[in-house]
Amino acid sequence: MGKREKLLAAVRSSVERVGDRQDLSCALDPAALTAARQLAAYAAGGDLEAAHALAWLHHLRSQALPRAQAEREWTEAVRLFGRCFIVEEEAVPESLRLAVAERAVPDLMDLLNRSFSTTTDPQLLDTAVDLARRIARRIPDGHPRHSHTLSLLCAALNQRFTRGGDLRDVDEAVRAGRTSVRATPDGHPQRALYLSNLCGALLERFKRTGDVKDVDDAVKTGRAAVRAAPDGHADQAVNLTNYGAALRLRFIRVGELGDVDEAVEVSRAAVRATRADDPRRAVCLSNLGVALQSRFQRTGMLTDVNEAVEVHRAAVRAGDQQAGYLSNLCLVLLDRFKRTGDVKDVDEAVEVGRTAVRTTPDGNLDRAVHLTGLSSALRFRFQGTGMLADADEAVETGRAALLATPEGHPERAARLANLGACLRMRFERTGNLGDVNEAVEAGRAVLRTVPGDHPQRAGFLAEFATALQLRFEHGGVLGDLDEVVEASRAAARTASEGHLRAMPLVSLCIALRRRFERRGDPRDVDEAVEAGRAALRVMPDGHPNRAGALINLASVLRLRFERTGAVADLAEEQSVWEQAAESGTAPPWMRIRAARGAARLAAPSDPGRAAGFLERAVLTLPQVAPRRLRRSDQQHALGADAVDLAADAAALALADTSGTASERAARALRLVEAGRAVLLSQALDTRDDLSELRVRHPELASRFAELRELLDRDQSTGTGAGTSGGGGTLTDAGAGTTAGAGAGAAHERHRLVAELEELLGHIRSREGFAAFGLPPTIDDLLAEAAHGPVVTYNVSRYRSDALLLTSEGITACPLPRLTEEALYT
């Protein structure tokens, strides 16, 4: 028998003799006391058997000794029994359980602090929950420590729920928190803490169940906690950040803008209430960043998203790169990318999203959040780059996020919608019917899940309509088109804000037009016209999708004019095409398409005006194909609208009755040469002027290319732009769309357009770049004739001519019998 065992046996023997002989004096045996003093070293090292034996000995000695000595023995017995109480309540004598429970509260607080700071030992939190329950059972109502213990139990159960997801834990946490608050009078120094713990539990339950009553109660409780804390209270930062989180979550669920404004201000106050080295600072920063991001998603204010990015970066630094802070940074970078198109943001979003997922273990409830963020980032990067690997990874991470989200979770619908959007976008690239079929079914499931008053329902309906329309365009099943019409109508009715109705109305306009083309029901084309007009009424001037909406309206006006011959429709169509062509914030390819439509209607009566539209379109060609697209995609981006664009512009310039014949011929040849320079090069990257600019002024060339790419992007929701003979589907009109595509995005595009114009002026002021991005001058053309005459044939739907370039000038020779039909037959 070793030394410990001998000492333990000696102490236990003394205790047992008291029971056997019913003689308390046996506990006073000097030999037992000597053994106890030596055994205490083992108890101090965590030996619970030793602590239990010693506790009994001190308990018995407290009963045998005079009062003055007994109190010291009783205190030591309670202390040692407290060690055992943590593991097993029955190990403590009934007469001491209340006293032990009272003195175990500091041990409970220590356990909670250690369990909150680590996720590697789940048993630590289980032990804390069990101890809190034991203490709460033993301490009677009205006892000063009863409310405190219940609040600690609330915090422990809430923390365990966030890690394990057992709804019973958070239900019990809310009950314990409510009881704690009810039992604590106003003015009590701990009331603010108890209210804050209850607020946290209500929020976690709301996140899981979506019950609006919980988030309303959380707002009231959080506000009461802030008011209950005296000035300078050490935990006021926690109270403020919980209250701010409650306001933000209620804003997301209910949509009241006042909530998110107050959430931002409250969250700022929480950050101000923490020192730079406060371990709670990262949480406060993160909550402020999320509040700013939520407000940006509603208002589109670029200042909010820029501040949110910097605040989240600070949270990542303060939180030692924790996965949750990284995931929040991923999401806000993605929101800024959707607003500004800066590819550096989406690239960084993908990288930090991957890190967040990589550092989150399987089974952690936050893993689904991080996977969803990564999936969204990959989806939007695929939209910009066309890299199929991004689309595949977006789908797989979206599936993983959904698998990690239990049925009934309030975020399951949004994650299912994200997966549907990923599948739909991959279908647009690959044509795999399985993807679009799954996207449609995902949309149906989402709409079955979310209630009719859900603030995101309009977006979910719009995404469902987009997937259905794509499937219709591929398969031609009219049932799909009927569903698109109904879903788009519902989305327009459901949208909470006027500008949020715009894209559902555009989608409805397209679907009704397509259905009219198939069925010929005049009611469809009439409703399509009204939907198109309604979309423009709620879409602010300068909105990046306004040109697409105008083109759709022009298309349905053309259809109705062809059916009825109404001159008013023809006049409105002309006006709408011209508005679209003159939209400075529309993507370049869309302005070119609109210019073609405006020129087609103006040509019979005013060829000079028509030539002006197409001349501007030719000058826009260099802005069309972004650098990040592959060569094959550049050719697709130029598309059918660019084919023969320069030829039509030249033909209409020759048909113009203003100016001299020589001036008209020179204008026509300049346009032909400008168009040919872009079309033959297939991409601006190979043009001499940009290549030379990169050599001589690389900073200017780099910024020009960046601005061109930003302005050529389709913004946030799809345009739905199509001609009367085209498909015209929407893209990305649902999950992941932000309100930043409204007035805020319009302001940003105006800024980018102004910057591009200023940059072009700066470039053209440099020596040798006066004609950068412009058609060749007359002198440039005449120089080409130095070695002999040059003849250029221009064949167009409007007219055909030979353009003769000699050292004496430029002339045109009409070729009325050289038609497009004759050329290709």
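**The largest cavity and beyond**

Guide: Keep in mind that this is a predicted model. A search of the whole structure finds three cavities of 30 Å³ or more. The largest cavity holds about 70 Å³ of space. Which helices supply its lining? At least two lining residues come from each of α20 (412-430), α21 (433-449) and α22 (457-475). Now for the residues themselves. The lining of the largest cavity consists of L416, A417, G420, A421, A439, A442, G443, V446, F460, E463, F464 and A467. Sorted by class, nine of the lining residues are nonpolar, two are polar and one is charged. G420 and G443 are among the lining residues, and Gly counts as polar. E463 also lines the cavity, and Glu counts as charged.

Next, look at another helix. Helix α15 covers residues 302-318, which makes 17 residues. At 1.5 Å a residue α15 should span 24 Å, and its end C-alpha atoms are 24 Å apart, so the two values agree. Which residues of α15 are buried? They are L302, D304, V305, A308, V309, V311, H312, A314, A315 and V316. An α-helix has 3.6 residues a turn, so residues three or four places apart point the same way. After α15 comes D320, with a positive phi near 55°.

Last, turn to a pair of strands. Strand β2 (residues 800-806) pairs with strand β3 (residues 809-814) in the antiparallel sense, over six bridges. Together β2 and β3 form a hairpin, with two residues between them. Opposite L805 stands I810 in β3.

Terms used:
Residues are numbered from 1 along each chain as its sequence is written. This is a predicted model: local features need pLDDT of at least 70, side-chain atom pairs count only at pLDDT 80 or more; totals for chains, interfaces and linings use all residues. Side-chain values use heavy atoms; hydrogens and water are left out. Helices (H or I, at least four residues) and strands (E, at least two) are DSSP runs, numbered from the N terminus. The expected span of a helix is 1.5 Å times one less than its number of residues. Buried means under 20% relative accessible area, exposed over 50%, partly exposed in between (1.4 Å probe, protein chains only). On a 1 Å grid over the protein atoms alone, a cavity is a set of points where a 1.4 Å probe fits but cannot get out, and a pocket is an open set with protein on both sides within 12 Å along at least five of seven lines; lining residues have an atom within 4 Å of a point. Grid points are joined across faces, edges and corners, and a volume is the space filled by probe spheres set on the points. Two strands pair if DSSP finds at least two bridges between them.
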